[in-house]
Amino acid sequence: MNTKKKDIRALSKEELRDFFVNVGDKAFRGNQVYEWLWNKGIHSFEDMTNISKETRTKLEENFVINHIEVDNFQKSEDGTIKNAVKLFDGLVVESVLIPTATRTTACVSSQVGCSLDCKFCATARLKRMRNLNPDEIYDQVVAIHKESLLYHDRPLSNIVFMGMGEPLMNYKNVLLSIDKITSDEGLGMSPKRITVSTSGVPKMIKKLADDEVRFNLAVSLHSAIQEKREQIMPFAKSFNLVDLRESLEYWYAKTKKIITYEYVVWDGINDTEDDIKALVKFCKFAPSKVNLIEYNPIDDGDFRQADNAAIDLYIEYLEKNRIPVTVRRSRGKDIDAACGQLANKS
Ligand code: SAH
């Protein structure tokens, strides 16, 4: 590791072309190197076999390739795979491959730790150490894509930004990584297969709409009652439901994309009819659907999954109001790979 040299993948193709012109080479060399870095995903300059030794040495003198390393790999009995990913500075994040009958989904991290303080999430206890760079996010996707081919014999079909971190607090790098994931020079994936999940940062949701992004948006709502939401997600004091609602109406008006609300029902916390009615009302502001997530206990604290009767009542009310609802069962619990369990335990 050398922190003084620049990470070569922080350069755009134009900047790489300029570099070669400046050192008296051809701009075209930049395209070749760019292809090695992104399309072929090499980890070292030596692997660039159609580039002369002299040029490779020049690259080595000026740059590093800060590639991630999959440090620890765990496979769940349900086929879920969790990667502990070591970054160039020794910090670690986790990413998960979730196979189902019809798709394989990569769940990737956007920050080391998290800037927010959701009481029910293990990652929140790590605090935010730094934002991931675009190439560090991209590498997680590539690593999972390869594992999907190797262990499940099919390419990756979907990507969710539901690993460690709050993606909208690392806005620029998350969007740059998605540019690369969707570009033909990267993985060429359709943005329709990508979902960014946020705990709800109104200003940044509006920015997404202004930037005319083409991926999907999920919001971790968990309560549509301001006081309750503040208790379980204290940052909601600064990002309140009125502003959130307004930003989501703005998002829909601009993108015409329906919003997914992620929602865990906890015993004694949000399992009453008032909670349900508040959710139904909130769902009517902008076209949306609800994904009821199973709670994954992170300790023996205050949070317990509500019983089936409470979940059924939610489903009944939502369906009666023609709001699409799905129930998401946990995957990979035995290896601490399920939602909210990513905390670098191993
Ligand atoms: N910061 C982003 C993305 C990371 S969390 C966000 O908040 O959306 C991904 C999802 O897992 C969120 O919906 C989050 O609320 C949920 N989650 C967190 N802890 C959980 C737990 N212990 N059990 C179930 N879901 C949890």
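Ala, Val, Leu, Ile, Met, Phe, Trp, Tyr, Cys and Pro are counted here as nonpolar, Asp, Glu, Lys and Arg as charged, and the others, Gly among them, as polar. The model is predicted, so that local features require pLDDT of at least 70 and side-chain atom pairs pLDDT 80 or more, whereas totals for chains, interfaces and linings use all residues. Numbering starts from 1 along each chain as its sequence is written, and side-chain values use heavy atoms, with hydrogens and water left out.

The ligand is surrounded by 21 residues (a heavy atom within 4 Å of the molecule). By class, this shell holds nine nonpolar, nine polar and three charged residues. Phe120, Ser197, Ser220, His222 and Asn296 are the closest.

Polar contacts (N or O atom pairs within 3.5 Å) include an oxygen atom of the ligand at 2.6 Å from a side-chain N or O atom of Ser197. Nitrogen of the ligand lies 3.0 Å from a polar backbone atom of Phe120, and a ligand nitrogen is 2.9 Å from a polar backbone atom of Asn296. Of the 540 Å² of accessible area that the ligand has on its own, the protein covers 96% (Shrake-Rupley method, 1.4 Å probe).

Across the whole structure, 14 aromatic pairs are found (ring centres of Phe, Tyr or Trp, the last by its six-membered ring, within 6.5 Å; planes under 30 degrees apart stacked, over 60 edge-to-face, the rest tilted). The Phe19 and Phe63 rings, with centres 5.0 Å apart and planes at 70 degrees, are therefore edge-to-face.

Terms used
Polar contact = N/O pair within 3.5 Å; in protein donor to acceptor, adjacent residues only side chain to side chain.
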